[in-house]
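Look over the sequence and the model below. The report then goes through some loops, a strand and several helix pairs.

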Amino acid sequence: MPMLQFTSGGRALFRHRLHPGRTVVGRSDRCDVALPADGVSRTHCVIDGRPDGWWLIDRSRHGTLVRGATVTRVQLAEGDTIGIGPYAAIFTLEEEVPDELTTTTAAVQAAGHEEIVEVREDGVAASRACVRVNGGPAAGRTLSLMRARQTLGGPGSEHVLSPDLPRGAVILRAVRGRVMVEPGPVPVLLAGTRVREITPVLPGEELRFGEHSMVIDVETVSEEAEELASFGEMVGRSASMRKLFGVLRRMAAHDAPVLLTGESGTGKELSARALHEQGTRGAGPFVAVNCAAITDTLFESELFGHEKGSFTGATTRQDGAFQRANGGTLFLDEVGELKADAQAKLLRALESGEVRRVGGANPEYPDVRIISATNRNLQRMVSAGTFRADLYFRLAVLTVRMPSLADRISDVPLLARTLLARNHPSATLTEDGAAALTTYSWPGNVRELRNVLTRAFVLGGPSITSGSLSFNPWAFEEDEPEPTPRPGLAPRPGPPQGDDPERAVLIAALDQAEGNRTRAARDLGIPRSSLLYKLRRHGLG
């Protein structure tokens, strides 16, 4: 994994791991790497990890040096030295990270038998298929289908109905809460017709074999998530974080789109990476795209790729983010910053699964899981007409809000020591230093905490006490300005009104679909089970 090794005056300071996408270096605590010095601009430079390599873009009034020369934009190579004020950073492409500094949890198994329809702070609601036996010796039993493939029948079956039946008399498959029956050793009738190949079973349809009969049903179950001490690189001891880690772990077993919300610096990208690494796509690529950093003219090229010669500067054929993420996860950061045209283009790709390179004629169908993040209130933006309702529902199938650091202040000492162990192994945090950290409100959340610790280590040495800590609350402004409606952009379907944007959009979707819930779910881009759950929760079902 690429690294920057920072030094000052020949003294080694700390290492920073680079992830694909944008890394901002500067004096401000809003930066990914904050360097305290007068010769460093508030936003000094940006390091951008792209398919064609790692690029440095200067954004300062002081200038940035690479290989001893002042640069505006340059591709970095192994061993390059970057000069940023009084600091030097050595760029390396490979760096081993000690095992003891990682907190990754074990990968989870796919939970294909169920579909998560809603996420709460302390758990999830999941839709699962079940079998209600209404005829034969096992009449009255309800069997939950908790695996992707299960057998019903005699001894040796997962669900034993009668000793007179052969093992695995009936074979049922459960996929996202929906059931299919496949031929087994005994004849099975589905709604009066012999099953001769794998056949979907609709809720309420009867399966019959011999004297046994049963009906497939779907139930929604609410579950509290297990408590975990960590998830991916995130740690926490507070009850809210331990529950959140359990919720994220449950979500990792699924493929549904996820929307991560919360203030800047709360760990949305860390959550996205952990969902990818701990989920069923962990062996595939993780591609991060900062939607706020893409110009309007290059949006299609960045996401969908382009053909050689399709526009000025297109000297080679390039893959877009969708193609690069094939078989893995596409992380759309700051998705609330997308302009109207970009929203429409993204929605079209999500609706059809089809992407087409700029200048290309042949469609492609990359297999990606979408995880998006924003510090904006997208529901409020939907109400204001600045974000499409249909795109919101495509992205927000599962929604998780990351708590601010002020809401879990008891985690600050643990987080501080974890960050020091990863970034400054020689540093120690004294008890009075830890106590001082808990008295601050942390408007910049975990990112600000990391930068405060870096500043204390660089300026004060390895022992971090209350006296070596300094805070910059003035560096943070309101993250979320009031949305301004853009002319011509109306949420679809229908402009929502009222106090609850989600409820209003659901009503508008049902009106547009003339009450057809299957069509309304399709228009909103969410599973029908999720729509039914939301309708019940809002008193509309």
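Contact here means heavy atoms within 4.5 Å. The model is a predicted one.

**A glycine in a loop**

Start with G79. It sits in the loop between β9 (73-75) and β10 (81-84). Which residues does G79 contact, leaving aside its neighbours within four places in sequence? They are I90 and F91. G79 has 43% relative accessibility, so it counts as partly exposed. Now look from G79 to H113. These two are 34 residues apart along the chain, and 49 Å separates their C-alpha atoms.

**A buried threonine in a strand**

T64 belongs to strand β7 (residues 64-66). Is T64 buried or exposed? Its relative accessible area is 0%, so T64 is buried. The side chain of T64 makes a polar contact of 2.5 Å with the side chain of D58. Another polar contact, of 3.3 Å, links the side chains of T64 and H44. Residues up to four places away in sequence are not counted in what follows. T64 touches H44, C45, L56, D58, A69, T70, V71, I82, G83 and I84.

**Two residues with positive phi**

Most residues other than glycine have a negative phi. Two residues here have a positive one. R67 has a phi of about 55 degrees, although it is not a glycine. R67 lies in the loop between β7 and β8 (69-71). With a relative accessible area of 51%, R67 is exposed. The cut-off for exposed is over 50%.

N445 is not a glycine either, and its phi is positive at about 60 degrees. N445 is found in helix α10. Its relative accessible area is 0%, so N445 is buried.

Two packed helices are described by the angle between their axes and the distance between the axes.

| Pair | Angle between axes | Distance between axes |
|---|---|---|
| α1 (residues 239-252) and α2 | about 45 degrees | 8 Å |
| α8 (residues 412-423) and α10 (residues 445-460) | roughly 60 degrees | within 10 Å |
| α12 (residues 517-524) and α13 (residues 528-537) | about 105 degrees | 9 Å |

Take α1 and α2. They pack at an angle of about 45 degrees. That makes α1 oblique to α2. The crossing of α1 past α2 is right-handed. On the α1 side, L248, M251 and A252 take part; they meet S271, L275 and Q278 in α2. By class, this contact has four nonpolar residues, two polar ones and no charged ones.

How much of α2 is buried? Helix α2 (residues 268-278) is mostly covered, with eight of its eleven residues buried. These are K268, S271, A272, R273, A274, L275, H276 and Q278.

Next come α8 and α10. Their axes cross at roughly 60 degrees. The two helices are therefore oblique to each other. α8 passes α10 in a right-handed crossing. In α8, the residues V412, L415, A416, L419, L420 and N423 meet V446, L449, R450 and L453 of α10. The contact of α8 with α10 contains eight nonpolar residues, one polar and one charged.

An α-helix has 3.6 residues a turn, so residues three or four places apart point the same way. Look for that spacing as you read the contact lists.

T418 is also in helix α8. Its relative accessibility is 15%, so T418 counts as buried. Where does the side chain of T418 reach? It comes to the backbone oxygen of L414, at 2.8 Å.

Last, α12 and α13. They pack at an angle of about 105 degrees. That makes α12 roughly perpendicular to α13. R517, T518, A520, A521 and L524 in α12 meet R528, L531, L532 and L535 in α13. Sorted by class, the contact of α12 with α13 has six nonpolar, one polar and two charged residues.

Definitions and conventions:
Residues numbered from 1 in each chain as written. Predicted model: local features only at pLDDT ≥ 70, side-chain atom pairs only at ≥ 80, totals over all residues. Heavy atoms only, no water. Axes fitted to C-alpha atoms, helices over the stretch in contact; angles between N-to-C directions. Helix = DSSP H or I, 4+ residues; strand = E, 2+ residues; numbered from the N terminus. Parallel < 35°, antiparallel > 145°, perpendicular 65-115°, else oblique. Left-handed = near helix turned anticlockwise from the far one by under 90°. Nonpolar A, V, L, I, M, F, W, Y, C, P; charged D, E, K, R; others polar. Buried < 20%, exposed > 50% of the residue type's maximum accessible area, 1.4 Å probe, protein only. Polar contact = N/O pair within 3.5 Å; in protein donor to acceptor, adjacent residues only side chain to side chain.
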